Amino acid sequence: MGERRLQKELMGIYAVWWREFKVFQREKSRIISSIVQPLMWLFLFGSGIGASISVSDVNYRDYIYPGVLTMSVLFGSVFFGLYIVWDRKLDVLKAVLVAPVSRLSIFLGKVLGGCTDVILQVLILFCFSFLFPSVNPWGIPLALLLLLITSIALVSMGLALGSMLESLEGFQVISSFLVFPLFFLSGALFPVDDKLPVWLQGMVKLNPLTYAVDGVRGALLNVQIFPFYVNLSVITIFAIVMFGLGSVLFSRMK
Amino acid sequence: MAIIETKSLTKTYGKIQAVRGIDLNIEKGEIFGLLGPNGAGKTTTIGMLCTIINVTSGSAFIAGCNVIKEPDRVRRKVGIVFQDPTLDTVLTGRENLELHARLYGISAAYRQNRIDEMLELVDLKDRSNDITRTYSGGMRRRLELARGLLHKPAVLFLDEPTLGLDPQTRARTWEYIKKMAKMEQTTVVLTTHYMEEAEQVCDRVGIIDHGRIIAIDAPDNLKESMGGDLVVIRAKDPPVERIKALHYVSTVNFSDGALEVTMKEAHLHLAELLLMLRDVECVEVRVPTLSDVFIKLTGRDIREDGSEDSGSWVDSVARYRQKGN
């Protein structure tokens with residue numbers, strides 16, 4: 001690839017990212033709802049159960065804080081990716097796809113755009129961390145890194161699914177049969193220990209998000225089940241596989 | 001050398017032959033119209049030339065670049081305005097052009113000047129910072145024209161550029177197209193089924209039906225091939241054989257009390273013809289239009305099979321394949 005060619009591809013990646021960022025800035029209601037929902041989980045659900053329960057000597061509300069962060073990454077990322085179904089329906093993507101920019105660059109621009117949205121949302125949620133006494137603020141950078149890798153994986157997954165879907169009807173199916181199970185089986189709301197029934201333990205351990213939740217919980221609360229290197233490796237491999245899969249499906253999309 | 005050259009360009013979807021061997025030679029600077037009913041293969045042909053649709057067989061070159069082997073180079077050389085609007089309605093007019101400029105690798109130093117230039121050309125400068133969702137249909141089309149020409153393509157493809165616009169806006173849109181093609185010295189290839197409009201705008205037209213080009217020439221030449229003006233007269237018992245024998249008459253047809261005569265220079269000879277008839281009720285003289293040419297060549301009206309928006313099923317299949325494959 002010539003230097004000029006590379007430069008044009010980089011400009012293309014930037015163009016797609018720039019577009020996504022503009023959209024993010026304009027759709028304020030989307031940002032607000034993506035912040036309010038996790039806060040409801042933390043304060044309405046977490047405070048309610050936290051009144052009588054604590055896990056590993058941590059108040060329940062604080063205990064699920066890392067899990068709810070991961071949840072907002074999960075929802076934000078997958079739905080960002082799935083949004084291309086809508087873009088295709090409106091033919092917004094058509095004009096982009098005929099440009100002399102490779103599909104891989106367009107895909108990369110989209111992934112970066114999605115990650116930017118999600119990480120900005122997470123940063124807003126981190127602003128509330130002072131309300132959770134057990135959270136160690138020095139762990140935030142590491143948690144952010146883990147959530148970024150998770151976001152790359154999940155945006156790619158959303159784009160992969162979005163490339164295959166023909167209509168918006170598939171949204172509901174993916175939401176019920178993929179996104180919610182991934183969330184409930186991630187240990188976001190309960191500890192993954194021997195008290196869990198065996199079948200549930202197995203499913204939780206197969207879910208790559210479990211390792212993201214555990215990693216973030218380790219960074220913020222110093223409570224974790226798996227060693228750090230296991231958590232990091234699993235989500236990194238997850239991200240690589242999803243990025244590869246997504247870029248292939250996106251390139252085949254017409 | 002022609003700027004667009006195709007040889008036996010063909011596209012089949014399974015058993016459906018959408019385009020069956022099209023040969024085209026379009027010269028630099030021409031405004032060329034592809035005319036045909038829905039499902040004739042217009043959009044598929046343009047799609048292949050823009051490298052969006054894979055070619056089944058045959059060859060195509062645009063500005064010397066091979067459409068099949070060098071899609072990336074071809075993409076830099078063509079601008080496209082799709083049939084359905086493809087503006088990003090979350091972005092402003094200017095942002096739409098900025099996005100496009102970056103995607104086409106237009107350098108930062110040159111970008112803003114070029115965007116301003118194009119916005120001025122389509123009279124959208126004062127609205128350029130508004131979100132395009134607030135634009136009218138005509139404004140959106142104009143912005144798409146500006147976008148299509150932003151990277152100075154050698155060829156601009158316009159697929160039904162006036163579809164869905166009201167008549168007044170359609171007329172204005174054509175004016176913009178003519179003006180821009182001239183200023184930018186761009187070759188324009190367009191499809192439309194508004195025959196009257198194509199007649200006024202195009203230097204040459206190709207009439208396409210069932211995936212084949214059945215006639216290709218300047219609109220005036222095509223109309224001349226009709227054998228002159230069409231005269232419709234309601235009269236009793238016309239002497240059909242005697243009329244046929246007249247040297248300026250090409251065809252005569254009498255049915256349901258209406259006599260249809262095609263003749264050269266009706267304004268000179270009509271009086272003589274009328275003297276041969278009794279009880280003339282009404283006379284209508286029509287200079288042939290492209291629609292007449294189309295009816296003569298295909299045996300049907302261009303808008304006969306379906307409304308303007310709903311493509312025939314072949315087009316639908318084509319569109320489905322484009323998205324689903």
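A polar contact is a pair of N or O atoms within 3.5 Å; within protein, one must be able to donate a hydrogen and the other to accept it, and residues adjacent in sequence count only if both atoms are side-chain atoms. In this predicted model, local features need pLDDT of at least 70 and side-chain atom pairs count only at pLDDT 80 or more, whereas totals for chains, interfaces and linings use all residues. Residues are numbered from 1 along each chain as its sequence is written, chains are lettered from A and ligands numbered from 1 in the order in which they are written, and side-chain values use heavy atoms, with hydrogens and water left out.

Across the interface of chain B and chain A, five residue pairs are in polar contact (both at pLDDT 80 or more). On the side of chain B that touches chain A, α2 (71-77), α3 and α12 (313-324) each supply at least two residues; helices are DSSP runs (H or I, at least four residues), numbered from the N terminus. The largest share of this side, five residues, comes from α3(B). In contact (heavy atoms within 4.5 Å) are 32 residues from chain B and 28 residues from chain A.

Four salt bridges are also found across the interface of chain B and chain A, each a side-chain nitrogen of Lys or Arg within 4 Å of a carboxyl oxygen of Asp or Glu. A salt bridge joins the side chains of K22(A) and E95(B) (3.5 Å, N to O).

The area buried between chain B and chain A is about 2900 Å², with 58% given by carbon and sulfur atoms; buried area is the accessible area (1.4 Å probe) that two parts lose on being put together, summed over both.
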